Amino acid sequence: MRAFVAIELPQNIKDKLNLLIECLPESSGIKFTKIENLHITVKFLGELLESNIEPIAKFLENIALKYKKFNIRLDKSGVFKSLKDPRIFWVGQDNNIDFLNIASSLDALFTKENHVCHITLARLKTAQIFQVKNLIEIANNFLSQNTLNFSVEEFYLFESILKSPAPIYRQIKKFKLKA
């Protein structure tokens, strides 16, 4: 089973991100994420055995019990790997200490990595540097003119089922943060 830990987005945030996506230029090398699949990635876990799900769920439950609910404000965009080799176009806020604490706690069980609170808006296959810079500029202007903040009260363990034309994400378990 292919799995990841994520934060669901409220519908009003998905609606605003949909407005942003509608402002972005289309290209054959850019595949935008379906609105219903938008989420904040906390940690991609990769392929897991069914027998590992319960111990991982216990571990995630313990993390949720340690941390209080918090607010996130989406205020920047960027790309993963790099401008020269872009693969993912994202929106996020990578300085949220509460998010970073939760993500760092996951490093105790999974591979340590540099966490960037992000929402994948598009996968980039053949985008040129000027196209990527244009996407980032449009997104940053949109984010500076619109307030995209919300309260995070829980996170989820998801299964990712790879299908064409888009993956299907199924919630496996919810983890409620302290009040």
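1. Val 5 is buried, with a relative accessible area of 0%. Buried means under 20% relative accessible area, exposed over 50%, and partly exposed in between, using a 1.4 Å probe and protein chains only. Val 5 lies in strand 1. Strands here are DSSP runs (E, at least two residues), helices are runs of H or I of at least four residues, and both are numbered from the N terminus.

2. A word on the model. It is predicted: local features need pLDDT of at least 70, side-chain atom pairs count only at pLDDT 80 or more, and totals for chains, interfaces and linings use all residues. Residues are numbered from 1 along each chain as its sequence is written, and side-chain values use heavy atoms, with hydrogens and water left out.

3. What does Val 5 touch, not counting residues up to four places away in sequence? Its contacts (heavy atoms within 4.5 Å) include Ile 40, Val 42, Leu 60 and Leu 106. Phe 155, Tyr 156 and Leu 157 are also among them. The C-alpha atoms of Val 5 and Ala 108 are separated by 14 Å, and these residues are 103 apart along the chain.

4. Now strand 9, residues 154-161. Seven of its eight residues are buried, so strand 9 is largely enclosed by the rest of the structure.

5. Strand 9 pairs with strand 1 (residues 2-8); they run antiparallel and four bridges join them. Two strands pair if DSSP finds at least two bridges between them. Strand 9 also pairs with strand 10 (residues 168-176), again in the antiparallel sense, over eight bridges.

6. Follow Tyr 156 of strand 9. Ala 6 stands opposite Tyr 156. Lys 174 in strand 10 stands opposite Tyr 156 too. For Leu 157, the bridge partner in strand 10 is Lys 173. In a regular strand the side chains alternate between the two faces of the sheet.

7. How many residues make the hairpin between strand 9 and strand 10? Six residues join the two strands. Pro 165 is in this loop. The peptide bond joining Ser 164 and Pro 165 is cis, with omega about 10°. Most peptide bonds are trans.

8. Next, helix 2 (residues 50-66) and helix 3 (residues 97-106). They pack at an angle of about 150°, with axes 10 Å apart. Axes are lines fitted to C-alpha atoms, for helices over the stretch in contact, and angles run from 0 to 180 degrees between N-to-C directions. That angle makes helix 2 roughly antiparallel to helix 3 (under 35 degrees is roughly parallel, over 145 roughly antiparallel, 65 to 115 roughly perpendicular, the rest oblique). Phe 59, Leu 60 and Ile 63 of helix 2 meet Ile 102, Ser 105 and Leu 106 of helix 3.

9. Last, helix 1 (residues 11-23) and helix 4 (residues 129-145). Their axes come within 10 Å and cross at roughly 145°. From helix 1, Lys 16, Leu 19, Leu 20 and Cys 23 meet Ile 138, Ala 139 and Phe 142 of helix 4.
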